[in-house]
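Please read these notes with the model open beside you. They go through a few backbone features in turn.

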Amino acid sequence: MSEIQSKIEQLLNEVRQSELKTETELETYRIKFLGSKNCLKPLFAELKTVPNEQKKAVGLQINELKNEAQRIYDNFKEKLSGATDQKEVIDYSRPGEPNEIGARHPINVIRNEIISIFERIGYGVSEGPEIEDDWHNFSALNFPDEHPARDMQDTFFVEKGDEELALRTHTSSVQVRVMENSKPPIRTISPGRVYRNEAISARAHCFFHQVEGLFIDKDVSFADLKQTILYFAQEMFGKKTQIRLRPSYFPFTEPSAEVDVSCTICKGKGCNVCKYTGWLEILGCGMVDPSVLTSANIDPKEYSGFAFGMGIERIAQLKYRVNDLRLYSENDIRFLKQFKSAF
Ligand code: 2NL
């Protein structure tokens with residue numbers, strides 16, 4: 001083997017044993033074997049001195065070396081770039097990310113629980129418009145013309161031509177519609193949103209939620225009312241719950257009462273939730289005023305009835321001990337997440 005051939009052999013070995021693992025190694029290699037002053041160039045010069053009969057063979061060997069140097073460079077370059085800008089690899093065998101199950105709104109949880117309690121004793125559910133006329137929200141319910149609830153200060157009025165409309169201030173308006181459109185016996189509850197023109201604070205809001213109940217039949221008495229409320233209180237707050245009725249006044253009931261339950265926290269012993277009275281107010285009720293029955297075309301000589309109304313926020317406050325009304329409408333996910341429930 002000639003001297004030039006052993007140089008070729010030596011360089012070929014060197015090229016084949018190269019390990020180009022970094023950009024720097026790759027660049028050093030490129031300058032040495034492929035750059036403008038690469039170490040193969042002198043071989044081409046030397047070729048001229050090779051005897052003619054060997055020229056062709058040696059020329060082919062140098063070319064082969066040049067090509068091999070290029071191939072090896074290309075190979076390592078590809079490997080290196082593949083490692084830096086890696087394509088996203090999806091592992092289809094990984095377990096899926098579970099979807100978090102949402103929670104019901106606490107107002108809906110309580111609402112559904114109240115509905116369920118009354119459905120078990122034969123009450124149906126009725127709904128009606130949130131924008132009401134004066135008749136269904138006030139007049140039919142025996143509110144006198146000068147009653148303060150009819151004031152702009154207390155009620156949101158809605159302008160629509162010459163019609164006087166308002167955002168309903170209670171769901172009694174729904175029950176007036178039920179009385180007008182059906183014949184006794186009537187057993188219905190009407191849950192829904194109601195509006196009051198009030199400044200928003202921890203204890204007041206311009207809207208809240210109510211459930212009202214209405215029972216009309218022959219010979220309905222105050223005892224029936226009291227027993228129904230006791231049943232409700234014990235279903236809602238526990239079998240040992242006691243109730244207490246205090247005389248009160250509403251334009252649409254006579255007599256009227258406010259109902260307290262024995263404190264759900266201290267069971268009547270006295271604590272800061274019940275302000276050391278042992279009792280918590282939960283609803284208002286009474287016997288439907290005869291004039292309200294007459295307004296809805298029900299004869300008060302033939303029928304009597306009782307009605308009651310409660311704030312859902314108030315019941316939720318007692319059950320969940322949430323003492324700021326604003327939390328119910330702010331939709332803070334940290335608040336809402338806490339109410340995973342069967343209802
Ligand atoms: C309360 C008190 C009450 C009624 C609502 C009613 C409905 C008709 C006739 C008579 Cl159609 N009464 N509803 C009766 C007494 C009290 O609500 O404190 N609500 C939050």
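1. Some terms come first. A residue is called buried under 20% relative accessible area, exposed over 50%, and partly exposed in between, using a 1.4 Å probe and protein chains only. Helices (H or I, at least four residues) and strands (E, at least two) are DSSP runs, numbered from the N terminus.

2. This is a predicted model, in which local features need pLDDT of at least 70, side-chain atom pairs count only at pLDDT 80 or more, and totals for chains, interfaces and linings use all residues. Residues are numbered from 1 along each chain as its sequence is written, and side-chain values use heavy atoms, with hydrogens and water left out.

3. Most residues other than glycine have a negative phi, and most peptide bonds are trans. The next points list exceptions.

4. Asn142 is not a glycine, yet its phi is positive, about 75°. Asn142 sits in the loop between helix 6 (134–137) and strand 3 (157–160). Is Asn142 buried or partly exposed? Asn142 counts as partly exposed because its relative accessibility is 32%.

5. Asn331, also not a glycine, has a positive phi of about 55°. The loop between helix 11 (327–330) and helix 12 (333–336) holds Asn331.

6. Pro184 and Pro185 are joined by a cis peptide bond with omega about 5°. Pro185 belongs to the loop between helix 7 (172–181) and strand 5 (186–195).

7. Another cis peptide bond runs from Glu254 to Pro255, where omega is near -5°. Pro255 is part of strand 8 (residues 253–262).

8. The protein is divided into domain 1 (3–81) and domain 2 (106–128 + 170–342), with bounds from an automatic or database domain assignment. The C-alpha centres of domain 1 and domain 2 are 94 Å apart.
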